[in-house]
Amino acid sequence: MRMTDSREHGSGRGGPAEKDTLLIRFLYRTLPGRCLLRGLTAPSFSKMMGRLLSSRPSRILVPYYIRRYRIDMTGCLKTHFDSFNDFFTREKVLTIEAGARDVISPCDGFLSCYTIGDDLTLRIKKSRYTTAGLLRSDALAAEFSGGDALVFRLEPRHYHRYLYCLDGKIERTMTIPGILHCVRPTACGTYPVYTENARQYTVIRSPGAGTVVQMEIGALMVGRICNHGMEHHAVKGREKGWFEFGGSTIVLLFQKGAVDLRAIKKDLPEGTERPVCIGEVIGQSG
């Protein structure tokens, strides 16, 4: 069972493709650069950067970042921050309006939808996944044959907290540590970048939607995927966690016929993406 996307995120309707910088080309295309990269992608470096971005001096970056990415601060619970990460993981007031059967977008970002077929491969950032490889479980992956995969791509300007997409019992959670590579084109052409990223996922048993997987994936300098403590139930609209600084992705997996996505698929041909807002209704469970 595989999933596919012939197009890279970051191009097309979702926004312009990222261009390689001289530094990225040096790191991934030269021998000295690759030696340096080994240290830069080590977990210890990511943790060090996390401490730096959580320090008080880092808050000097906040005004520049707001201007650079034209970030809307409307609804934020505070406007003065102790560090850059304090700003990046900021909370805001959310109003979620969804019915009992509605499935909502867990985050702000760009959404792509795919049907999970036997001859499909999900390609993100030039790396390819089978569902079994993504989940590290053949048995769990088999439950999603013929189902739907939703990929939410977050950019730096987006709100980096995320919610549960529906109600259900949490069966288990899985953490997959990885080497946190940069997700730029040159990097992706040299290493299987996305497959080496750290990821966490939650298996939810929903009365109306069957088995659902909600997965968070980090990139370079996302020192942590910060999910809340052990919970027994997923509550639609409740905060599940947040990403620290860096580009990030959320993936939802639904079983065949479990969630009606026709309304959103009508305006979203496979291989394209569209912006979505956190809490937006994206489908209906059975």
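# Reading sheets and cores in a predicted model

Mentor: Cys-165 has 0% relative accessibility, so Cys-165 counts as buried (buried is under 20% relative accessible area, exposed over 50%, partly exposed in between, with a 1.4 Å probe and protein chains only). This is a predicted model, in which local features need pLDDT of at least 70 and side-chain atom pairs count only at pLDDT 80 or more, while totals for chains, interfaces and linings use all residues. Residues are numbered from 1 along each chain as its sequence is written, and side-chain values use heavy atoms, with hydrogens and water left out.

Trainee: Does Cys-277 count as buried, partly exposed or exposed, and how many disulfides are found?

Mentor: Cys-277, at 48% relative accessibility, counts as partly exposed. A search of the whole structure gives zero disulfides (a disulfide is a pair of cysteine sulfur atoms within 2.5 Å).

Trainee: What is the order of the eight strands in the open sheet?

Mentor: Strands of a sheet pair through backbone hydrogen bonds, either parallel or antiparallel. Strands are DSSP runs of E, at least two residues, numbered from the N terminus, and two strands pair if DSSP finds at least two bridges between them. Here the order is β11-β7-β8-β9-β13-β5-β2-β15, with antiparallel pairing. At the edges stand β11 (233-234) and β15 (274-276); each has a single partner strand, so one side of each is left without a neighbour in the sheet. Inside the order, β9 (residues 210-217) and β13 run antiparallel and are joined by six bridges.

Trainee: Which strands are the edge strands of the open sheet of three?

Mentor: That sheet has the order β6-β12-β10, again with antiparallel pairing. Its edge strands are β6 (161-163) and β10 (225-227), each pairing on one side only. Three bridges join β10 to β12 (residues 239-243), and Ile-225 stands opposite Phe-243 in β12.

Trainee: Which residues touch the most other members of the largest nonpolar core?

Mentor: In soluble globular proteins, nonpolar side chains tend to be buried together. A nonpolar core is a set of buried Ala, Val, Leu, Ile, Met, Phe, Trp, Tyr and Cys residues joined through side-chain atoms within 4.5 Å. The largest has 28 residues, and Leu-111, Leu-150, Phe-152, Leu-166, Phe-254 and Ile-282 touch the most other members. β2 (109-115), β5 (148-154) and β13 (248-254) each supply at least two residues of this core. Apart from it lies another core of 20 residues, including Tyr-114, Leu-135, Leu-140 and Tyr-201.

Conventions:
Helix = DSSP H or I, 4+ residues; strand = E, 2+ residues; numbered from the N terminus.
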